[in-house]
Amino acid sequence: MKKLLICSFILASFLLICKRSNAQDYKTAVGLKFGGYENGISAKYFTTNDVALEGLLGFRSHGVVITGLYEVHQVAFGVKELKFYYGAGAHIGAIGSGLYRRFNGDDEYYNNSHILLGVDGVLGLEYVIPQSPIAVSLDLNPRAELATGPFFDIAPGLGIKYTF
């Protein structure tokens with residue numbers, strides 16, 4: 001819990017030192033996301049210069065999850081290629097019988113299939129490599145699971161995307 005509070009404080013402090021302006025140099029990105037819950041495919045589309053919609057199709061042991069996020073992007077530390085982003089969204093999915101792994105290690109075993117449904121958050125940094133179509137992101141993904149819970153969990157995420 002102490003590590004969670006420290007990480008949350010650090011990421012939240014980025015919000016206070018970031019300058020809101022022309023956040024992205026690309027309109028759309030597709031790529032891979034590796035997270036504590038699922039690994040899968042992601043797509044991001046900027047509706048304005050600093051607001052994006054991101055969709056994730058994540059695969060996990062015995063299941064699949066679809067997540068949608070609304071994200072606000074800001075220039076971080078005055079570096080044009082480095083962006084701080086935060087946002088919220090929701091997920092829906094299903095898991096079959098078997099071990100349901102949680103990032104914090106509080107795993108559960110289910111004898112039958114379950115629906116996953118809940119709310120998600122995201123706090124992270126994204127770096128667009130200069131003169132290339134590649135963006136790399138590192139974020140924290142808090143999640144409140146309502147259908148199989150309720151419980152709260154948080155996990156890191158690493159993304160790599162092709163931008164256009």
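Reply: Strands are DSSP runs of E, at least two residues long, numbered from the N terminus. Two of them pair if DSSP finds at least two bridges between them. The model is predicted, so to speak of local features needs pLDDT of at least 70, side-chain atom pairs count only at pLDDT 80 or more, and totals for chains, interfaces and linings use all residues. Residues are numbered from 1 along each chain as its sequence is written, and side-chain values use heavy atoms, with hydrogens and water left out.

Now the sheet. Eight strands form a closed barrel, in the order β1-β2-β3-β4-β5-β8-β9-β10, with antiparallel pairing. Neighbouring strands of this sheet are turned by 25° against each other on average, direction ignored. The axes behind that angle are lines fitted to C-alpha atoms; in general, angles run from 0 to 180 degrees between N-to-C directions, and helix axes are fitted over the stretch in contact.

Take the pairs one by one. β5 (residues 79-95) and β8 (residues 114-128) share 14 antiparallel bridges. There, Gly87 faces Val122 of β8. β9 (residues 134-145) is joined to β10 by twelve bridges, again antiparallel. Pro142 has Ile154 in β10 as its bridge partner. Five residues separate β9 and β10, which form a hairpin. β10 (residues 151-163) also meets β1 (residues 28-35), antiparallel, through seven bridges.

A cavity is a set of points, on a 1 Å grid over the protein atoms alone, where a 1.4 Å probe fits but cannot get out; lining residues have an atom within 4 Å of a point. Grid points are joined across faces, edges and corners, and a volume is the space filled by probe spheres set on the points. Two cavities of 30 Å³ or more turn up in the whole structure.

β1, β2 (39-46), β3 (51-60), β4 (63-76), β8, β9 and β10 each give at least two lining residues. Eight of the lining residues are nonpolar, eight polar and four charged. Here Ala, Val, Leu, Ile, Met, Phe, Trp, Tyr, Cys and Pro count as nonpolar, Asp, Glu, Lys and Arg as charged, and the others, Gly among them, as polar.

The second largest cavity holds about 30 Å³. Its lining includes Lys33, Gly159, Glu54 and Asp139. β1, β9 and β10 each supply at least two of its residues. The lining splits into two nonpolar, three polar and four charged residues.

Terms used: Helix = DSSP H or I, 4+ residues; strand = E, 2+ residues; numbered from the N terminus. 1 Å grid on protein atoms, 1.4 Å probe; cavity = no way out; pocket = protein on both sides within 12 Å on 5 of 7 lines; lining within 4 Å.
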